[in-house]
Amino acid sequence: MASIDHATLTLAERLHATAAIATVVAIETLSTSLVEVTLRVDPHLVGAPGSDVMVDVGRGRTLRRRYSVRRADPSASTLTLWVGVDHEGPGVAWVRDVAPGDEVVAIGPRGKITLDPAASWNLFCGDLSALGAFSRMVEAIEPGRRALVALEVDALDDARSPAPPEGVDLRLVLAERAGRAPSDPAGLSRALATLELPPGPGHAFLFGEFHVVRALRALLADRGLAETAISHKAYWRAGRANADHGEPDKSEPA
Ligand SMILES: Cc1cc2nc3c(=O)[nH]c(=O)nc-3n(C[C@H](O)[C@H](O)[C@H](O)COP(=O)(O)OP(=O)(O)OC[C@H]3O[C@@H](n4cnc5c(N)ncnc54)[C@H](O)[C@@H]3O)c2cc1C
């Protein structure tokens, strides 16, 4: 049975978040590389669209991994995570091993990036690790606004379109990685080039691999998007495991 230690409680307090024991309700393989994990947990962990939870996937030692909340069902006190499993790591091992009824320590809500209420259009650009966050965010956009999504996948069956509310215009462009290195921004750069940025105030969300996010930021700045209109977050880094607290290494390459 999971238990919450003092260090976890202290961390949650410092992060202005809640630490709680979550129970695994269901695990479902959605596609080649995507697994859906549903947890029953204190609804305080859910947060706004764009937020994530930090799950302790270590066995015998604390090792945290962050996963965006894909969907929340307050009436059932559940939240759903979409986890990419096309690599080897403790997070993937956890997802492969857990079963309904298992408990895990979680901290949430985490993350500061959410929808910009002033934006008449929203651009989402990233890889499979971002699909849960993008889907929940697109589904929370107010009618009359637009969503542009550029998504890079290895396997085409991993691609899933968010279901925006009626009145939200969605344009989805897929980029197939086709064997290129995960740090290669060429696929998403080409996808972005096919998307015309609509007039009016807009906001871009860039989540995914460290080098790719960095390259996409520069591309959008070149297209005239202000720094304040770009929210970006490196979720992981090619060739390097995330640290035990869940963040990727953000040091500059030597
Ligand atoms: C705020 C935040 C939200 C996130 N939300 C999600 C989410 O909703 N769904 C999700 O799947 N991930 C999400 N991530 C990314 C996820 O936390 C990391 O990918 C994490 O490193 C996976 O842990 P791991 O133990 O499986 O692999 P690690 O131990 O971190 O890495 C092991 C190896 O696998 C590689 N690797 C790590 N992640 C990936 C990947 N996604 N694709 C290909 N290779 C990889 C690394 O480069 C390394 O070589 C999020 C990260 C952050 C910071």
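A residue is termed buried if 20 or more other C-beta atoms lie within 10 Å of its own, exposed if 12 or fewer do, and partly exposed in between, with C-beta atoms placed from the backbone. The structure is a predicted model, in which local features need pLDDT of at least 70 and side-chain atom pairs count only at pLDDT 80 or more, whereas totals for chains, interfaces and linings use all residues. Residues are numbered from 1 along each chain as its sequence is written.

Helices (H or I, at least four residues) and strands (E, at least two) are DSSP runs, numbered from the N terminus. Helix 3 is mostly covered, with eight of its eight residues buried: L131, G132, A133, F134, S135, R136, M137 and V138. These buried residues pack against strand 4, strand 5, strand 7 (121-127), strand 8, strand 9 (169-176) and strand 10 (202-209), contact being defined as C-beta atoms, placed from the backbone, within 7 Å. F134, M137 and V138 are also among the contacts of F124, which, leaving aside neighbours within four places in sequence, include A147, V149 and F205 as well.

F124 belongs to the largest nonpolar core, which has 62 residues; A106, F124 and C125 have the most contacts inside this core. Such a core is a set of buried Ala, Val, Leu, Ile, Met, Phe, Trp, Tyr and Cys residues joined through C-beta atoms within 7 Å. Strand 8 (residues 146-153) supplies the largest share of this core, six residues. At least three core residues come from each of domain 1 (6-110) and domain 2 (121-236), the bounds being taken from an automatic or database domain assignment.

Strand 6 (residues 103-110) is mostly covered, six of its eight residues being buried. Two strands are said to pair if DSSP finds at least two bridges between them. Strand 6 pairs in the antiparallel sense with strand 1 (residues 18-29) over six bridges, where I21 stands opposite V105. An antiparallel pairing over three bridges joins strand 6 to strand 3 (residues 52-56), and here M54 has I107 as its bridge partner.

The ligand is surrounded by 31 residues, of which G89, G91, W236, A241 and N242 are the closest; a residue is counted as near if its C-beta atom, placed from the backbone, lies within 6 Å. At least two shell residues come from each of strand 4 (64-73), strand 5 (78-84), helix 2 (90-97), helix 3 (131-138) and strand 11 (230-236). Because domain 1 and domain 2 both give residues to this shell, the ligand lies between them.

Terms used. Contact = placed C-beta atoms within 7 Å.
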